[in-house]
Amino acid sequence: GYLSKKTAETNRWHEKWFALYQNVLFYFEGEQSARPAGMYMLEGCNCERVSAPKGCAAGSAKDAALDKQHYFTVLFGHEGQKPLELRCEDEVDGDEWVEAIHQASYSDILIEREVLMQKYIHLVQIVETEKIAANQLRHQLEDQDTEIERLKSEIVALNKTKERMRPYQGNQEDEDPDIKKIKKVQSFMRGWLCRRKWKTIVQDYICSPHAESMRKRNQIVFNMVEAESEYVHQLYVLVNCFLRPLRMAASSKKPPISHDDVSSIFLNSETIMFLHEIFHQGLKARIANWPTLILADLFDILLPMLNIYQEFVRNHQYSLQVLANCKQNRDFDKLLKQYEANPACEGRMLETFLTYPMFQIPRYIITLHELLAHTPHEHVERKSLEFAKSKLEELSRVMHDEVSDTENIRKNLAIERTIVEGCDILLDTSQTFIRQGSLIQVPSVERGKLSKVRLGSLSLKKEGERQCFLFTKHFLICTRSSGGKLHLLKTGGVLSLIECTLIEETDAS
């Protein structure tokens, strides 16, 4: 519909025809325009109602009319993009626009689609199971109908026989002993038939899809307990065969390693071991109550304490670097090989044990995925397990982002240390490294109407090889001296990409 848009240059309002499609807002000069005059990408934006601008509070009739307008602002998540100010005449229309823009997120649509696909797959499985059960019941009903017809015919025959025998039994005061024996045999037969029917019912359930799903679910839980037991053992070896002995060595008269390095390598691994020992004891207690398996409350206890993994994961790459530096010391390297020769290590190195905690959170996520795949939607634990899975996935994403940011900072600092003069722009944490390599800087050649200064025209008379580093905001050009050290070009060594123009020249001459 029609909305008034405020221009950033003149601060004037212009009425445009707007069209919202998914997460893109188009605007046209008029409703009949064939092509849009512009568009806005709304992914990650925020829309909120605002009061009338101060300039609209004047006393004129026109300003009084504008004061009755309903204003709202779209704030974009893109850096450097100015907010979009809009207004409409109807309050209900304004509320509908704000609500529609709030929901204009393609990622939310994908998440809803994924949830619906999972429910659809589960419903398809239920329908297939119900079809199989219906076929089995249909066959049973047909067999029972046949059995009923047979029993009816037997009853009719027995009634006829009873009518024939009645005149001879009317005068008997006591029942015939043979009849008593027959009744006793019939009683035994009825009991045997009931037991056989019950056995058939139990056997049918054992072979049913529901029972198979429950068996798979139990197997996943048993495997989880075994994996947790193995993980606790790995942490026990890490702490008792490496961490604690190295702490003692750091306190010796001639320490091969300092306490700070020990803390940097192992960080809070001992706390992680204590945490999982408690979790493992809880799992074993639940297994002791099998076939009743309640696991959701265990994850409720575990989730608030998993934040200690963030610190360990964030420090992991740095701990491996510290360990590599410590191995340069012969005394430490010799001592470490003695520890690794312990039979409990089974030939594994310290780096292997330091890596095990990195995979534990993804392992829990996979286990919960498999557990939910075999947990019915009406199950008492389903909501709690889904909540635990969502929290673990959120924690995993945060840890991944933090590791990426930390690695980027370390990469920038490593490049900054290789440059002799240093480079202050690399100390910006938002500066992300993209790539590096050697390029040939060519002499400048005036061509056509190209008036802007080219990279090659920076006081260069012949070709030269340059070591270049590309970041999200800057482009560094360095020369390498005979000693292998890097020096920034005195003129144009640091180029701000926002102030540059990239021109691709297809003419090879």
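Start your tour in the largest nonpolar core: select Phe242, Phe266 and Leu306, which touch the most other members among its 56 residues. A nonpolar core here is a set of buried Ala, Val, Leu, Ile, Met, Phe, Trp, Tyr and Cys residues joined through side-chain atoms within 4.5 Å. Buried means under 20% relative accessible area, exposed over 50%, and partly exposed in between (1.4 Å probe, protein chains only). Now colour helix H5 (residues 209–250), which supplies the largest share of this core, 15 residues. Helices (H or I, at least four residues) and strands (E, at least two) are DSSP runs, numbered from the N terminus.

A word on what you are viewing: this is a predicted model, where local features need pLDDT of at least 70 and side-chain atom pairs count only at pLDDT 80 or more, while totals for chains, interfaces and linings use all residues. Residues are numbered from 1 along each chain as its sequence is written, and side-chain values use heavy atoms, leaving out hydrogens and water.

Next, zoom in on phenylalanine 266. Leaving aside neighbours within four places in sequence, phenylalanine 266 is in contact (heavy atoms within 4.5 Å) with Leu238, Phe242, Leu243, Leu246, Phe312, Leu350 and Leu354.

Time for some charged pairs. A salt bridge is a side-chain nitrogen of Lys or Arg within 4 Å of a carboxyl oxygen of Asp or Glu, and the count here comes to 14.

- Select glutamate 29 and lysine 16: their closest N and O atoms are 2.9 Å apart. Glutamate 29 sits in the loop between strand S3 (24–28) and strand S4 (38–41), and lysine 16 in strand S2 (residues 13–21). Glutamate 29 is exposed, at 51% relative accessible area, whereas lysine 16 is buried, at 14%.
- Move to arginine 244 and glutamate 270, whose side chains meet in a salt bridge (2.8 Å, N to O). Arginine 244 lies in helix H5 and glutamate 270 in helix H7 (residues 269–288), so the pair ties together parts 26 residues apart in sequence. Arginine 244 counts as partly exposed, at 31% relative accessibility, and glutamate 270 as buried, at 16%.

Finish on helix H3 (residues 106–169), where glutamate 147 and arginine 150 both lie, 3 residues apart, about one turn of the helix. Their salt bridge brings the closest N and O atoms to 2.4 Å apart.
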